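Please read it with the coordinates open.

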Amino acid sequence: MGGEAGANGPRGRVKSLGLVFEDESKGCYSSGETVAGHVLLEAAEPVALRGLRLEAQGRATSAWGPSAGARVCIGGGSPAASSEVEYLNLRLSLLEAPAGEGVTLLQPGKHEFPFRFQLRSEPLATSFTGKYGSIQYCVRAVLERPQVPDQSVRRELQVVSHVDVNTPPLLTPMLKTQEKMVGCWLFTSGPVSLSVKIERKGYCNGEAIPIYAEIENCSSRLVVPKAAIFQTQTYLASGKTKTVRHMVANVRGNHIGSGSTDTWNGKMLKIPPVTPSILDCCIIRVDYSLAVIQAS
């Protein structure tokens, strides 16, 4: 499905203006890939045009405060903390008026204007929208007409920066042993010994993480352990930092009575569809951690 807009005005009526990608089934793009498609224009009558251009833009923005999203603070409020990083900014001319004339006349009917451009080979941060910022990419076709405002149609472009989970650092097993007072988990009635191991550090959406653990309850209370995946979003703007952390998946263990031990021999925790880790943007970071905690 393509974006589409309609408009009326002097110097001819544009019935519709649309933008379609060559492969509409392609869910996302990565750095170095080619983006291709067509701008579709239907004219009900002869239309005078100055030109038709295509713009592709991508940027990360991080902002918060009373005037977040505004460049100028109005009414004496504190200025927002804000930062911006540009990843993509290009412009292509799809139709130009003949030299010296300034205007070209497009005949009634349906017209197609193909476009093609390549995303830069340097890493592009993954598309993302969060509480204090976003990473967004779009393609926009702009119809320039004399004596009337420009008409445009816009499509979002989803970009993913792939993380290779098969690199040696991410294939390294993780083992952590810790003893905590149950007071850190909700109570104050003695320690709980915990040893947790996973086979590697890197996983992908849809995979299940086998968790190996031994949990010894030396407290006087009943303990119910829970393994959870947490997503941490970190935003940087104007030298300040905001952090948002929430649970995206979890699995509960058995009840462990006082003086008892429970063993997990590969308890599975499935990773839901989540934004991939964003590690290559200097103002927005998204990463994931696994924790074994006391279930509430």
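The points below go from the whole chain to single residues.

1. Basis. This is a predicted model, in which local features need pLDDT of at least 70 and side-chain atom pairs count only at pLDDT 80 or more, while totals for chains, interfaces and linings use all residues. Residues are numbered from 1 along each chain as its sequence is written, and side-chain values use heavy atoms, with hydrogens and water left out.

2. Overall make-up. The chain has one helix and 18 strands; helices (H or I, at least four residues) and strands (E, at least two) are DSSP runs numbered from the N terminus. Of the 296 residues in the chain, 42% are buried, where buried means under 20% relative accessible area, exposed means over 50%, and partly exposed lies in between (1.4 Å probe, protein chains only). The accessible surface of the chain is about 15700 Å², and carbon and sulfur atoms hold 49% of that area; the areas come from the Shrake-Rupley method with a 1.4 Å probe, and for residues only the protein chains shown count as cover. Among contacts (heavy atoms within 4.5 Å) with a separation of 6 or more, 69% are between residues 24 or more positions apart.

3. Aromatic pairs. Searching the whole structure gives five aromatic pairs. Rings of Phe, Tyr and Trp (its six-membered ring) pair if their centres lie within 6.5 Å; planes under 30 degrees apart count as stacked, over 60 as edge-to-face and the rest as tilted. For W64 and Y132 the ring centres are 5.9 Å apart and the planes stand at 75°, so this pair is edge-to-face. W64 belongs to strand β5 (residues 51-64) and Y132 to the loop between β9 (128-129) and β10 (133-144), so the pair ties together parts that are 68 residues apart in sequence. Both W64 and Y132 are buried.

4. The second ring pair at Y132. The rings of Y132 and Y235 have centres 5.6 Å apart and planes at 80°, so they too are edge-to-face. Y235 is in strand β15 (residues 225-237), 103 residues from Y132, and the pair links distant parts of the chain. Y235 is buried, as is Y132. Taken together, W64, Y132 and Y235 form one aromatic cluster.

5. Charges over rings. A charge sits over a ring if NZ of Lys or CZ of Arg is within 6 Å of the ring centre and within 35 degrees of the ring normal. R245 has its charged end over the ring of F230, 3.8 Å from the centre. K26 lies over the face of Y29, at 5.0 Å from the ring centre.

6. R155. Is this arginine buried or exposed? R155 has a relative accessibility of 15% and therefore counts as buried. R155 is in strand β11 (residues 151-156). The side chains of R155 and E24 are joined by a polar contact of 3.1 Å. That term means a pair of N or O atoms within 3.5 Å; within protein, one must be able to donate a hydrogen and the other to accept it, and residues adjacent in sequence count only if both atoms are side-chain atoms. A polar atom of the R155 side chain also lies 2.9 Å from the backbone oxygen of L19.

7. T126. This residue lies in the loop between β8 (109-118) and β9, and at 2% relative accessibility T126 counts as buried. A polar atom of its side chain is 2.8 Å from the backbone nitrogen of S161. Leaving aside neighbours within four places in sequence, T126 is in contact with I135, V159, V160, S161, T275, P276 and I278.

8. A44, in the loop between β3 (34-43) and β4 (47-49), is partly exposed at 35%. Its contacts, leaving aside neighbours within four places in sequence, are R13, K15 and P108. D23, in the loop between β2 (14-21) and β3, is partly exposed at 37%, and a polar contact of 2.5 Å joins its side chain to that of S25.

9. Cysteines. With a disulfide taken as a pair of cysteine sulfur atoms within 2.5 Å, the count is zero. C28 is partly exposed, with a relative accessible area of 28%, and C218 is also partly exposed, at 39%.
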